[in-house]
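Look at the chain below. Then work through the questions one at a time.

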Amino acid sequence: MERLEGYYEGFDSSVAFNIRRVGTGLLVEPVGGVGPTMALAPRDIPGPGELESGEGSVVFTSPYMGGALDVEFTWRGDRVEALLERYRIVKRGPVRSYGG
């Protein structure tokens, strides 16, 4: 799951998130503290080969506004993207401190 951890930006860099691995799930933290932190659990636990392959996807889910929010991560080579709410966010590097 290290492949999915990192600093992500979207919408012309107007939104940014740190995504960290926590056990078998992920924690989504808005950079700058604007918005809630969100815990994601894998819908299906991916095998190591799935996450290490050159191309693939995995879906995580989180309770959200009385329902559930699915977040899909996709990767091809070194590029990792996620669909989070209405944003397509792209991994730009390792997790960053809130200072930048």
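Q: Is Phe11 buried or exposed?
A: This model is predicted, so local features need pLDDT of at least 70, side-chain atom pairs count only at pLDDT 80 or more, and totals for chains, interfaces and linings use all residues. Residues are numbered from 1 along each chain as its sequence is written, and side-chain values use heavy atoms, with hydrogens and water left out. Buried means under 20% relative accessible area, exposed over 50%, and partly exposed in between (1.4 Å probe, protein chains only). Phe11 has a relative accessible area of 60%, so Phe11 is exposed.

Q: Where in the chain is Phe11 placed?
A: Helices (H or I, at least four residues) and strands (E, at least two) are DSSP runs, numbered from the N terminus. Strand 1 covers 6–10. Phe11 sits in the loop between strand 1 and strand 2.

Q: What is the phi of Phe11?
A: Most residues other than glycine have a negative phi. Phe11 is not a glycine, yet its phi is positive. The value is about 45°.

Q: Which residues does Phe11 contact, leaving aside its neighbours within four places in sequence?
A: Contact means heavy atoms within 4.5 Å. With neighbours within four places set aside, Phe11 is in contact with Tyr87 and Arg88.

Q: How many Å separate the C-alpha atoms of Phe11 and Gly67?
A: Along the chain, Phe11 and Gly67 are 56 residues apart.

Q: Where is Glu85, and what is its phi?
A: Glu85 lies in the loop between strand 7 and strand 8. Its relative accessible area is 37%, so Glu85 is partly exposed. Glu85 is a residue other than glycine with a positive phi, near 55°.

Q: Which order do the elements of the chain follow?
A: The chain has 1 helix and 8 strands. Read from the N terminus on, they run β-β-β-β-α-β-β-β-β.

Q: Why does the chain count as compact as a globular protein of that length?
A: The radius of gyration is taken over C-alpha atoms, and the globule rule is 2.2 Å times the number of residues to the power 0.38. For 100 residues the rule gives 13 Å. The chain is close to that, so it is as compact as a globular protein of that length: its radius of gyration is 13 Å.

Q: Which residues does Leu84 touch, not counting residues up to four places away in sequence?
A: Nonpolar side chains tend to be buried together in soluble globular proteins. Leu84 is among the core residues with the most contacts inside the core. Not counting residues up to four places away, Leu84 touches Phe17, Val28, Met38, Leu69, Val71 and Ile89.

Q: What is the relative accessibility of Arg79?
A: Arg79 has its place in strand 7. Leaving aside neighbours within four places in sequence, Arg79 is in contact with Thr74 and Val90. Arg79 counts as partly exposed, at 46%.

Notes. A nonpolar core is a set of buried Ala, Val, Leu, Ile, Met, Phe, Trp, Tyr and Cys residues joined through side-chain atoms within 4.5 Å.
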